[in-house]
Amino acid sequence: MAAPLEFQGATKHFGSQVALDHLSLAVERGEILGFLGPNGAGKTTAIHLALGFLRPTAGGGTILGRPFGDTASRARIGFLPDSPTYFAGTASGAVELAGRLNDMGNPQLRERAKSLLAQLNLSSAGKDARRFSRGMQQRLGMAQALVNDPELLILDEPTSALDPPGVLEVRELLRAARDEGKSIFFSSHQLSEVEHICDRIAFLDKGRMLRHGPLASFLEDSGRVEVVTQGLPASAEVFQPYRLYLSESTDGFLHFVVPVKLQRALIEQTWTAGGELVSVSPLRRTLEDLFVAWSGEARDGEVPDK
C-alpha cells in the first residue's frame, strides 16, 4: 500500500536559488513525522509542493496515492498554514466553511464543528475571527484542518503562538488522530513539542535533507554517562584525571559526566580508593542539541550519511 505522503526527488528552484534539492521522504500510516530545519531550509516549500500550491522543478511525489496537487485527494487532507487568515464571521462559521469546501453537509458538519470548537476551547469565542488573538486563530485553524476527519494532516507550525494549555490541547488532538490511524506531517520550531509526540523526524537545511529516522534513536545515544559517587572528596587524588568532567558536588555526592569509554576506569578507581558508586545513567541528547549540531554541519559544508 502506498504511503499517504511521499516525496520522490522533489526539487524546486526559484530562479538561481535552490529551495528544495531532491527531497525523498515517505510519511507512513499512523505515524507523526516532524519536519525540522532552520528558517529558509525549504520546509514550507516542500509542503506547498505536496499540496499543489507550487509545481516542482524536477521530481515530485504522491499524496494519498495521487500525484501532488490532485484535486480529488484534497477532501481527504487536513491542512494548517503557518499563518491562517479568516473572513469576517464566527469561529463556527469558519469551521463549517472548511467542511463545506470538503463536501460535508449538515447536521454532521454542525455537530463536528461544535465538538472541535469545544475541544479547542473556542466555544465562546467572539463574532469576528479576524479579531481573535494569534493563539485563538491558530486553534481555529486546527479545527478547520480536522473538521473533515482527514486521513492525512499537513501542519505548518501547528503550536506557534499557543499558550501552554493550547499546546496541550493540540498535542492530545494529534495523538488521538495518530491512534485512529491517521498520518501527520508537520513542521515546527517548537523542539520540545516534537520530542513529546513525534515518531520520526527529518531534518532539512538549505533544501537538502541531512538526517531522518526514528526520534528515539537520535536522542538515546549521546556517548556520555553520568556517574555519581560518594565517600570521597572532590579533591581526592583518584579524581584528578576527571576534574574536567565533574558537573556537580553536593552533600558528599559527586556527579561526573564522562564519555562512555572512561566510565569503567572511573568506577574501578573510585572503588579501589574506598569510595562508593551511587548510580550510572546514560545521558540522552536533546533535540535542541541535535538541531544546533546538524545546522553547524550544514554551515561547514558536511553532508552526513542519512
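Two strands count as paired if DSSP finds at least two bridges between them. Strands (E, at least two residues) and helices (H or I, at least four) are DSSP runs, numbered from the N terminus. The model on screen is predicted, so local features need pLDDT of at least 70 and side-chain atom pairs count only at pLDDT 80 or more, while totals for chains, interfaces and linings use all residues. Residues are numbered from 1 along each chain as its sequence is written, and side-chain values use heavy atoms, with hydrogens and water left out.

**Stop 1: Glu 226**

Select Glu 226 and show the strands beside it. What is the bridge partner of Glu 226 in E14? The partner there is Ser 281. In E13, Glu 226 stands opposite Val 257. Now widen the selection to strand E11, residues 224-230, and strand E13, residues 253-259; these two are antiparallel and share seven bridges. E11 also pairs with strand E14, residues 276-282, again in the antiparallel sense, over six bridges. In a regular strand, side chains alternate between the two faces of the sheet.

**Stop 2: the open sheet**

Go back towards the start of the numbering. Here four strands, in the order E2-E1-E4-E5, form an open sheet with antiparallel pairing. Its edge strands are E2 (17-27) and E5 (66-67), each of which pairs on one side only. Select strand E1 (residues 5-14) and strand E4 (residues 58-63): five bridges join them in the antiparallel sense.

Contact means heavy atoms within 4.5 Å.

**Stop 3**

Select His 22, in strand E2. His 22 is not a glycine, yet its phi is positive, at about 50°. Is His 22 buried or exposed? His 22 counts as exposed because its relative accessibility is 52%; buried means under 20% relative accessible area, exposed over 50%, and partly exposed in between (1.4 Å probe, protein chains only).

Then move to Asn 121, in the loop between H3 and helix H4 (134-146). Asn 121 has a positive phi of about 60° and is not a glycine either. With 54% relative accessibility, Asn 121 is exposed.

**Stop 3: a cis peptide bond**

Select Asn 106 and Pro 107. The peptide bond from Asn 106 to Pro 107 is cis, with omega near 5°. Pro 107 lies in the loop between helix H2 (91-101) and helix H3 (108-119).

**Stop 5**

Select Leu 109, in helix H3. Leu 109 is buried, because its relative accessibility is 1%. Which residues does Leu 109 touch, not counting those up to four places away in sequence? They are Val 95, Glu 96, Gly 99, Arg 100, Met 104 and Val 147. For a distance to check, the C-alpha atoms of Leu 109 and Leu 155 are separated by 22 Å, with the two residues 46 apart along the chain.

End with Leu 97, in helix H2. Leu 97 counts as partly exposed, because its relative accessibility is 33%.
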